[in-house]
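Please keep the structure open beside you and go through the points in order.

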Amino acid sequence: MVTLSVIIPVYNEQGSIGPLLAELESALDRIPRPSEIVVVDDGSGDGTPAVLETHRLNSRRLRVLRLRRNFGQTAALAAGFQAARGDVFVTMDGDGQNDPRDIEGLLADLEAGYDVVSGWRRHRADSWVYRRLPSQTANRLLAEITGVRLHDFGCTLKAYRASFIRRVTLYADMHRFIPGLAAAVGARVGERVVAHHPRRTGHSKYGLGRTYKLLTDMVVLRLLVRFASQPLHYFGLLSIGTSALAVATTFLAFVDTTTVRLVNYSTVVMPSVAVLAFCLAFYFLMMGLMCELALRTTRPRGGAYAPMLRHEDIPA
Amino acid sequence: MSEPVDITCVLALTDDSPEIEEILRQYAAELRDRGQSFEFVLVLDGLGESRTARLRARMPAGVPVRLLHFNQSFGEERALTAGYREARGRLVVSLPSYMQLDPGDIHQVLDALERDFDLVAGWRVPRVDPWINRLQSWAYNRVMSALTGVQLHDLNCGLTGLRRTVIDEVLVEGNAGRFLPVLAHRRGFRVGEVRVRHLRERGRAGFFGVGVYVRRLLDVVALMFLTRFITKPLRFFGMAGGLSVLGGLLLCGWLVLDHVYGWSLQGDLRNRSALLVGVALIVMGVMVFSLGLVAEIIIFTNARNMRDYTVERELPPGRPAEGGPPAQDAPAATARPRQEAPEEPAHRDPS
């Protein structure tokens, strides 16, 4: 009977993963509940598999999953969630920057009723320009978009209730957005300050060149969080906005320009803008209907956006 | 009916295939040399009653052949897909439907599969067709390998060998041909190629024709889209739409400033048809962008049914948990291949 699963995605961490596993095992020994460690080897090409194999053979709780090639952190996490057997999941980085001793605190928060508890690396041990500044900006944007007041969306050290996270579909680069998606389905999201160590060995797999991806992902997140179950509302709003623009330009096109000299482009400019804006408004409406069509014809099996329910039975 | 065999050879027949008897005989002889069980699967792409009857009469004796019929023609690619899907062998090899290659080369493909590859493509060297055709297909293969990152020299060879698992995990309707190596590579399968001897080539010399070029170009577009953006369509549509909007804004901005400051002589905005172009660019960009949003919603809705990673193996802890019985996955040191999609058995048994 396993009740706690620690899930660690690793990619080329031969120097870090060994010490981390040793620390983690002793931290888990102190926690009085059955636990397992699920390490997902995301197609490492260095000595990581050998290190994992050594630890696995000497461990009572280490399970090792190997993906067929490098699929990225989200896929590795999804594979881990799929394989883990506990009631509570804790995810950690494989680079040793998270501290296993923080797990107890996260578990206590889950006991207190949260569905997701996210670590907050308040004192980050990373370069300011390349890691901390971009991540602060991104975090503020994410908090704004999702409405979840977290300081650190990117921290991998998080604890989840298994019943909740199994319902969230993870694909592409979604792992950063789990708290946002969680809040969108009405989960209670909490935060706890955790330690952050400098990297022991190896080098960071992130850099600055992700801005475009992050930006488009945020647009998508906003759409998914607020409108995934009613896309027509989203596109309908866009359509109404564009229609208003079209009506305004039409009005300008036909207004008596002898008195309003400023908008004296009416013969060409305003009519063409008005026509295109009308087209766009119509197009948005059709897009929204198409989304409804796509959504209503597939039946998501307990999709991520059905609101969460909490059961409470009152004995007679 | 469905006892497993070692090797299944799949042929997609789109015409009368005058050499089919010869092909079956020669490849069967080569396969008998290997001492493994084999079967041939012939997919008849809507050949009609009389041609099918003639074909049936030409089947050589002593060669296990299964015929699969389409009632109308769906093309070679879909016929091949159907053949792959029905194949029962552990290894599956597609064969050209005429004497394109030396039958003895099938050993190379099968050996490479047994040894260290999951999918092996044939590479025709030296090519026997005229230089103009060689040049065209060289260019095509170069472009494709640059775009996909899969270093293959010959995507159009009729001889491809693959393991059953590749079919189970990668094959979707209509991608059996040129795309399969690329998609398999993306799934983390080991993709290789072997040199095969090119005997002759069907089809005429010269430029392949506009239709072929258009279809190949669409292949490239589809492949780029499939390999890079399938789970994140907004990254693609957002890029296209964003560029369009940006261009439109720059154009309109310049026209307005020009109108205000009169830099060029025809500055008056009323006379500038370029304004229409600018506005149209903006509108088009917004449309493309919102298409991306729609695609995202569709992907999000279906994400539960598509898994974009594969677990190669899963290993339990080496020592039993304290107090309890040994882990349920024992014996400990052996890899347990993980069942993909348990609700859909990989091997369908009609009985």
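1. Let's begin with what covers the buried residues of helix 2 of chain A: the cover includes strand 1 (4-10), helix 1 (17-30), strand 2 (35-41) and strand 3 of chain A, together with strand 8 of chain B. Helices (H or I, at least four residues) and strands (E, at least two) are DSSP runs, numbered from the N terminus. The buried residues in helix 2 of chain A are A:T48, A:V51, A:L52, A:H55 and A:R56. Here a residue is buried if 20 or more other C-beta atoms lie within 10 Å of its own, exposed if 12 or fewer, and partly exposed in between, with C-beta atoms placed from the backbone. Why do the buried residues of helix 2 of chain A line one face of the helix? Seen down the helix axis, they fall within an arc of 135 degrees, so they line one face. That arc is taken from the directions from the helix axis to the C-beta atoms.

2. A word on the source: this is a predicted model, in which local features need pLDDT of at least 70 and side-chain atom pairs count only at pLDDT 80 or more, while totals for chains, interfaces and linings use all residues. Residues are numbered from 1 along each chain as its sequence is written, and chains are lettered from A and ligands numbered from 1 in the order in which they are written.

3. Next, the contact between the chains. Chain A puts 51 residues into the contact and chain B 42 residues; two residues are in contact if their C-beta atoms, placed from the backbone, lie within 7 Å. On the side of chain A that touches chain B, helix 2 (48-57), strand 3 (62-67), helix 3 (73-83), helix 8 (211-227) and helix 10 (269-297) of chain A each supply at least two residues. Helix 10 of chain A gives the most, with 13 residues. By type, the residues on this side of chain A divide into 33 nonpolar, nine polar and nine charged. Ala, Val, Leu, Ile, Met, Phe, Trp, Tyr, Cys and Pro count as nonpolar, Asp, Glu, Lys and Arg as charged, and the others, Gly among them, as polar.

4. Strand 3 of chain A pairs in the antiparallel sense with strand 8 (residues 311-315) of chain B over four bridges, where two strands pair if DSSP finds at least two bridges between them. A:V64 stands opposite B:L315 in strand 8 of chain B. A:L67, leaving aside its neighbours within four places in sequence, has contacts that include A:V40, A:A79, B:Y309 and B:V311.

5. Which residues have the most contacts inside the largest nonpolar core? They are A:I7, A:V39, A:V40, A:L67, A:A79, A:F89 and A:V90, in a core of 98 residues. Such a core is a set of buried Ala, Val, Leu, Ile, Met, Phe, Trp, Tyr and Cys residues joined through C-beta atoms within 7 Å. Helix 10 (residues 274-302) of chain B contributes the largest share of this core, 13 residues. A second, separate core has 52 residues, including B:Y27, B:V93, B:I167 and B:V191.

6. Chain B also holds an open sheet of seven strands in the order 3-2-1-4-6-5-7, with mixed pairing. Its edge strands, strand 3 (65-70) and strand 7 of chain B, each pair on one side only. Strand 5 (residues 119-124) of chain B has five of its six residues buried. Strand 5 of chain B is antiparallel to strand 6 (residues 160-163) of chain B, over three bridges, and parallel to strand 7 (residues 191-196) of chain B, over six bridges. B:V120 has B:G161 as its bridge partner in strand 6 of chain B, while B:R124 stands opposite B:V196 in strand 7 of chain B.

7. Back in chain A, strand 6 (residues 158-161) is worth a look: A:K158 and A:Y160 point one way, A:A159 and A:R161 the other way, and all are buried. Four bridges join strand 6 of chain A to strand 4 (residues 88-91) of chain A, in an antiparallel run. A:K158 is the bridge partner of A:T91, and A:S118 stands opposite A:K158 too.
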